[in-house]
Amino acid sequence: MAVLAIGSCDRGCRFSAEQSPNAGTAPIELARGVNLGDMLEAPVEGEWGQRVQQHYFDLIARAGFDFVRLPVKWSGHLLAGSGQGSSAFSIDPDFFDRVDEVVCWALERDLSIIIDLHHYDEMQTNPDLVAFVSVWRQIAEHYRHAPPQVLFELLNEPRDAMTNALWNRYAAAALQAIRESNPHREVVIGPSGINDFSALADLDLPRDSRLIVTFHYYHPIPFTHQGAVWLDGSEAWLGTDWQGTEAERLRVIGDFDVVSEWAREHGDARILLGEFGAYKLAPQDSRIRWTAFVREQAEARGFAWSYWEFASGFGIYDPESGRFREDLYQALMPTRGVLRDP
Ligand code: GLC
């Protein structure tokens with residue numbers, strides 16, 4: 001049985017050092033989740049307009065989600081240490097305290113939480129195996145006594161210099177380092193090629209019974225990313241709609257079938273659609289249609305999903321009004337009925 005050793009999340013929390021509560025437990029089942037995007041994934045929390053707040057977890061739990069995915073820019077919080085070369089960098093203990101607090105907020109509300117290594121930009125431009133494994137060894141040791149509802153995700157959207165071949169080596173090495181301290185923890189792994197479904201064929205799935213395989217789905221990009229400020233040329237796509245025509249639906253179905261087939265060929269691998277969403281500048285009726293359809297396709301195949309994202313540019317929640325965007329929420333949770341104000 002997992003226990004949180006120190007009571008109050010407000011003062012940060014630690015996980016019991018006496019026990020290994022994640023030993024020998026049944027696999028964690030994920031179903032419906034949401035990404036806490038733009039928060040701890042920013043170089044400094046708050047810099048992208050959002051901070052993680054405790055009451056978000058009340059809202060998320062009450063809205064029927066069972067897990068959150070937490071993108072974290074760990075690489076923005078490395079301190080120069082006393083060792084040699086890139087392995088010399090250690091994660092700032094103050095930053096660990098902050099992530100612990102957030103993890104604790106989720107666990108207290110029975111939400112599982114995926115701790116994701118997000119925006120480790122150096123790994124996409126100039127990969128360094130020693131640094132990558134060192135960061136994972138630190139995170140893994142830190143959470144070795146956390147309950148099994150804490151999951152790790154190896155790297156968000158590997159791409160560019162992190163080629164398929166390289167990523168297969170890096171993922172295996174990081175997993176090995178994690179397993180030294182966390183033999184049973186669920187670990188989320190996705191393909192290189194920006195976690196696109198089409199790159200799954202190139203992923204060498206390590207032999208490990210506690211893996212969840214993730215992919216992201218934003219097709220068609222000119223629809224989901226129209227006007228996205230971080231994507232050059234995306235303003236030219238403004239006005240692109242998604243009517244849900246047969247051709248549009250067949251594309252999604254065909255793409256998801258590729259994932260199902262891959263999972264079947266890989267021992268019925270558990271699949272997580274870790275990100276999907278359409279940016280706020282897309283026509284709203286199309287956003288709702290696309291979001292509902294993609295979510296349905298995931299559920300029809302038994303994939304867990306986590307919507308991108310909670311309270312920012314794709315947000316299902318409007319932090320200014322303090323309300324969920326009901327139409328988007330219904331696209332995700334059609335059987336939950338209208339959400340009452342908290
Ligand atoms: C990826 C990026 C994130 C972006 C999202 C949608 O997760 O890391 O920054 O907002 O995709 O484009």
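Me: How far does a polar side-chain atom of Glu 41 lie from an oxygen atom of the ligand?
Reply: This is a predicted model, where local features need pLDDT of at least 70, side-chain atom pairs count only at pLDDT 80 or more, and totals for chains, interfaces and linings use all residues. Residues are numbered from 1 along each chain as its sequence is written, and side-chain values use heavy atoms, without hydrogens and water. A polar contact is a pair of N or O atoms within 3.5 Å. For Glu 41 and a ligand oxygen, the distance is 3.2 Å.

Me: Which distance does His 225 show to a ligand oxygen?
Reply: Again, take a polar side-chain atom and an oxygen atom of the ligand. For Trp 308 such a pair lies 3.5 Å apart. For His 225 the value is 2.7 Å.

Me: How much of the ligand does the protein bury?
Reply: Accessible areas come from the Shrake-Rupley method with a 1.4 Å probe. Taken alone, the ligand exposes 310 Å². Of that, the protein buries 88%.

Me: How many residues of the shell around the ligand are charged?
Reply: Four are nonpolar and four are polar. The charged residues number three.

Terms used. Polar contact = N/O pair within 3.5 Å; in protein donor to acceptor, adjacent residues only side chain to side chain. Nonpolar A, V, L, I, M, F, W, Y, C, P; charged D, E, K, R; others polar.
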